[in-house]
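Please look at the sequence and the model below before reading on.

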Amino acid sequence: VAQSERPGGDWEERKTAPTSAYSSPARSLGDTGITPLSPSHIVNDTDSSVSEQQSFLVVVAVDFGTTSSGYAYSFTKEPECIHVMRRWEGGDPGVSNQKTPTTILLTPERKFHSFGYAARDFYHDLDPNEAKQWLYLEKFKMKLHTTGDLTMDTDLTAANGKKVKALEIFAYALQYFKEQALKELSDQAGSEFENSDVRWVITVPAIWKQPAKQFMRQAAYQAGLASPENSEQLIIALEPEAASIYCRKLRLHQMIELSGKAAVNGYSGSDTVGAGFTQAKEHIRRNRQSRTFLVENVIGEIWSELEEGDKYVVVDSGGGTVDLTVHQIRLPEGHLKELYKATGGPYGSLGVDYEFEKLLYKIFGEDFIEQFKIKRPAAWVDLMIAFESRKRAAAPDRTNPLNITLPFSFIDYYKKFRGHSVEHALRKSNVDFVKWSSQGMLRMSPDAMNALFKPTIDSIIEHLRDLFQKPEVSTVKFLFLVGGFAEAPLLQQAVQAAFGDQCRIIIPQDVGLTILKGAVLFGLDPAVIKVRRSPLTYGVGVLNRYVEGKHPPEKLLVKDGTRWCTDVFDKFISADQSVALGELVKRSYTPAKPSQLVIVINIYSSEHDNVSFITDPGVKKCGTLRLDLTGTSGTAVPARREIQTLMQFGDTEIKATAIDIATSKSVKVGIDFLNY
């Protein structure tokens, strides 16, 4: 049954006019304006959401991560087999994974050269003077999260300080994955694989704002993964949702439980977390040769303990961001419902790298480090690689120091820059816990390493604490810890210590690949996620009859003797309201002036809930529907012409349609956050 909300023209609840601080002269034009006919209602039109399913031979998911990236795929004929991409050349010592670093190298002419380990190694082998001409980028995904006013023209800065368009870099990277995946598929199938056979899934953090999600889609179009005309070939999936889908399939032997409540794999909770993990690592190592994972077509054991209405939190901690999502089970099919809108922040493992950088500032001086990065970019990359492998060796119970090799050119350049040795700098910096070892290494005590993790881990724990305070989240049964940073024993221990008594904490064994595998499963069956929370409030700008004393005087517009209040924000859906996938919200309007020949409907969004006018702070225009009303014979048009507006909420896209009921003319538009 359609539920009506507050009628569009009803202002009773907001007697107080907005304070004049924000009041602005009327913006919307009366000539093309509309006025509401009906309250909006939600149509549960499930048939339309099961649109004609295109048949794809294979689903390829790309996990485009801040620090590392990868892809996995599954043939639709055998959905229980998920294949993770083939091993990449040039892995790192101390870092074993199936993903490749998210690094990209462009030639001095700004043409794509290489990606991943290949890019890093080539860049590293260049002569330092030549290297300055090449454009090397790493960890650039965070830019989409941190840029407030993202557009198609946003720039990224390469290691040599030169600027490049973010859209180009993202498109190059996706194009690279497309070529690699198609090549691997063709080799495996023994015949040429076409892009049209592939359904693509790209994962993005749930806490990204809409412009960033749209940006990813544009980059994918530019890379040729799909096209605006064929948009359903590409699904933008949310990382924690993908993780959640995979976690449902877990069997007990595929995960490690951290809580002390039960024995895991024969280890009681009092045994160190480490023991369970080492055993798991062995298990993974044995299976490393096989890149194919069988997802049993059953609901995993953990899952079978969950009942209708049970809640669980997915904590997705990656390189750049940490994403927290709360899901609830809906039986019988075990569909997921998002209970609380995604929260989180830039608390990924990059925070640890940043602390290491600050430590180097403290010892060697910020001026030197910043100069060194620009003058010897390849050596700086080397130093960070050395740090990365030591970072992975950090553990709560570690007692022996961690050694980080300083590149020769660091030692050399420091002496030229300062006139004294690195050793001297360490002695007089009185940074405790960090010493110089005669083999030319920085020796960090485990305490010093743990201190680098602390700010980031503290932020994650604090964020989780806030989340657990929310009434919707109070009765959570499980906490799934996923993402690359979830491999860090220090983070595991902190989460366990803080929340182990409130819920069961589960880590999938191949935790770094969880999202990738879940994204493949999502591509095979996108209908599994049923309800999301709208991240924004959406509405259109309308005219309402002006009521003296109720509407602010600066919004008065007199048109042909009728007094209108302009710029009214007529709400379609509120921020944080539940929206089922494929759901349609309908509203009817009528032209403010019967003789109008054109109607312009402007769509606006805001992060706030209570929006009264389109001129309120934080309201942004994100779409325009232009409907031409000409070409109808004067007789047939009813006195009150009805224009129906529909908004359909899709995966990360929203489509709006306006229909002139008298002539059944219609126009469609996708909501656009980048170009207005």
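**Salt bridges and a loop glutamine**

Lysine 358 and glutamate 355 both belong to helix H10 (residues 350-364), where 3 residues, about one turn of the helix, separate them; helices (H or I, at least four residues) and strands (E, at least two) are DSSP runs, numbered from the N terminus. The model is predicted, so local features need pLDDT of at least 70 and side-chain atom pairs count only at pLDDT 80 or more, while totals for chains, interfaces and linings use all residues. Residues are numbered from 1 along each chain as its sequence is written, and side-chain values use heavy atoms, with hydrogens and water left out.

**Salt bridges**

- Side chains of opposite charge can pair when their charged atoms come close.
- The whole structure holds 20 salt bridges, a salt bridge being a side-chain nitrogen of Lys or Arg within 4 Å of a carboxyl oxygen of Asp or Glu.
- Within helix H10, the side chains of lysine 358 and glutamate 355 form one of these, at 3.2 Å from N to O.
- Lysine 358 counts as partly exposed because its relative accessibility is 36%, whereas glutamate 355 is buried, with a relative accessible area of 16%; buried means under 20% relative accessible area, exposed over 50%, and partly exposed in between (1.4 Å probe, protein chains only).

- Aspartate 367 and arginine 418 meet through their side chains in a salt bridge of 2.7 Å, N to O. Aspartate 367 lies in helix H11 (residues 366-375) and arginine 418 in helix H13 (residues 408-418), so this pair ties together parts that are 51 residues apart in sequence.
- Glutamate 487 forms a salt bridge with arginine 392, with the closest N and O atoms 3.3 Å apart. Glutamate 487 sits in the loop between strand S22 (476-482) and H16, and arginine 392 in the loop between helix H12 (377-391) and strand S19 (402-405), so the pair ties together parts that are 95 residues apart in sequence.
- Arg392 and Glu487 also belong to a network of salt bridges that links them with Lys139, Asp353, Glu388 and Lys391.

**Glutamine 502**

- Glutamine 502 is placed in the loop between helix H16 (489-499) and strand S23 (504-508), and at 43% relative accessibility it counts as partly exposed.
- Leaving aside neighbours within four places in sequence, glutamine 502 is in contact (heavy atoms within 4.5 Å) with Phe468 and Val476.
- Glutamine 502 and phenylalanine 468 are 34 residues apart in sequence, and their C-alpha atoms are 9.4 Å apart in space.
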